[in-house]
Amino acid sequence: MPMITQENFDKEFADPIEEVQIDKFVCKEMSRQIHRYIKGMSGSKLIMERFEERLKDLSLPEKERAIALYIDLNRKVLDGLDFKIVLARAIANYCDTFSYMLALINDKKRMVYYLGRIKDKYIRYHEIYEENGKFGMKDHEGNILVHALYDFLRTPYVYVDDLQLFPIIAEKNGKMGLIIPDGKDTVVADFIYEDISLRDEPPYFEARIGGKVELL
């Protein structure tokens, strides 16, 4: 780490108060973007209020994680979203003078730092992994959400109206079921179905068994 001097103080010294405040305003802006997404998907005012209610009592780190989880299941939130605009709005809310705002925005090193910080906090996609010919799921840190016990996994990327932990479509021994990605392989629909497909509205799953259709 370079030695901090009077000349490089602003570039090398990360002000923890600045970081926390910009993180806070970034979080508010990301929440606003989700509101915009819900509205664009013809969501109701009630849906937006439910989302806000879910976030209301969370700490800042909890809000960041919750929004990241929402984005993981609703990746279209990021369509057309420019993180530089998100950051610029957060900086504008943080700064108490126009000249200070310009100084921050024109500081390329600091902008790159904060843009990386935003992506690290909000782009936290899970991934499917294979082990011994079976499939499982890990989060962005490599923690197991679903153990590699299944012949097939499908993550439903859907427009959901709150921060629920959404089921995964899985196949085991030739039959389909639903499990929760909670690290415990919790089954919410038994492995008895011939096929399970995704619907655009709740109930989100349509299952077929013995020529009949069930909504799950």
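Here are some notes on the fold, its cores and a few of its helix contacts.

1. Ground rules. This is a predicted model, with local features taken at pLDDT of at least 70 and side-chain atom pairs counted only at pLDDT 80 or more, while totals for chains, interfaces and linings use all residues. Numbering runs from 1 along each chain as its sequence is written, and side-chain values use heavy atoms, with hydrogens and water left out.

2. Overall make-up. The protein has 7 helices and 10 strands; these are DSSP runs numbered from the N terminus, with helices being H or I of at least four residues and strands E of at least two. Of the 216 residues, 40% are buried (under 20% relative accessible area with a 1.4 Å probe, protein chains only; exposed is over 50% and partly exposed lies in between). Contact here is heavy atoms within 4.5 Å. Taking contacts between residues at least 6 apart in sequence, 44% join residues at least 24 apart.

3. The main core. The largest nonpolar core holds 31 residues, and Ile 22, Val 26, Met 30, Ile 67, Leu 87, Ile 91 and Tyr 122 have the most contacts inside it. A core in this sense is a set of buried Ala, Val, Leu, Ile, Met, Phe, Trp, Tyr and Cys residues joined through side-chain atoms within 4.5 Å. At least two residues come from each of helix 2 (16–40), helix 3 (45–56), helix 4 (60–73), helix 5 (83–94), helix 6 (98–105) and helix 7 (108–122). Helix 2 gives the most, 8 residues. A second, separate core has 11 residues, among them Phe 166, Ala 189, Tyr 193 and Ala 207.

4. Helix 2 on helix 7. Their axes come within 11 Å and cross at roughly 55 degrees (axes are lines fitted to C-alpha atoms, for helices over the stretch in contact, with angles from 0 to 180 degrees between N-to-C directions). The pair is therefore oblique; under 35 degrees would be roughly parallel, over 145 roughly antiparallel, 65 to 115 roughly perpendicular, and the rest oblique. The crossing is right-handed, that is, the near helix is turned clockwise from the far one by less than a right angle. Residues on the helix 2 side include Ile 22, Val 26 and Met 30, and those on the helix 7 side include Ile 118 and Tyr 122. By class this contact has 8 nonpolar, no polar and 6 charged residues (Ala, Val, Leu, Ile, Met, Phe, Trp, Tyr, Cys and Pro are nonpolar, Asp, Glu, Lys and Arg charged, the others, Gly among them, polar). Val 26 touches Val 86, Ala 90, Ile 118 and Tyr 122, not counting residues up to four places away in sequence.

5. Helix 5 and its partners. Against helix 7, the helix 5 axis comes within 10 Å and crosses at roughly 110 degrees, which makes the two roughly perpendicular. Phe 83, Lys 84, Leu 87 and Ile 91 meet Met 111, Tyr 114, Leu 115, Ile 118 and Lys 119 there. With helix 6, the axes come within 9 Å and cross at roughly 145 degrees. Ala 88, Ile 91, Ala 92 and Tyr 94 of helix 5 meet Tyr 100, Met 101, Leu 104 and Ile 105 of helix 6, a contact with 8 nonpolar, no polar and no charged residues.

6. A spot to look at: Ala 68. This residue sits in helix 4 and counts as buried at 3% relative accessibility. Leaving aside neighbours within four places in sequence, Ala 68 is in contact with Lys 121, Tyr 122 and Arg 124. Ala 68 and Met 30 are 38 residues apart in sequence and 9.6 Å apart in space, C-alpha to C-alpha.
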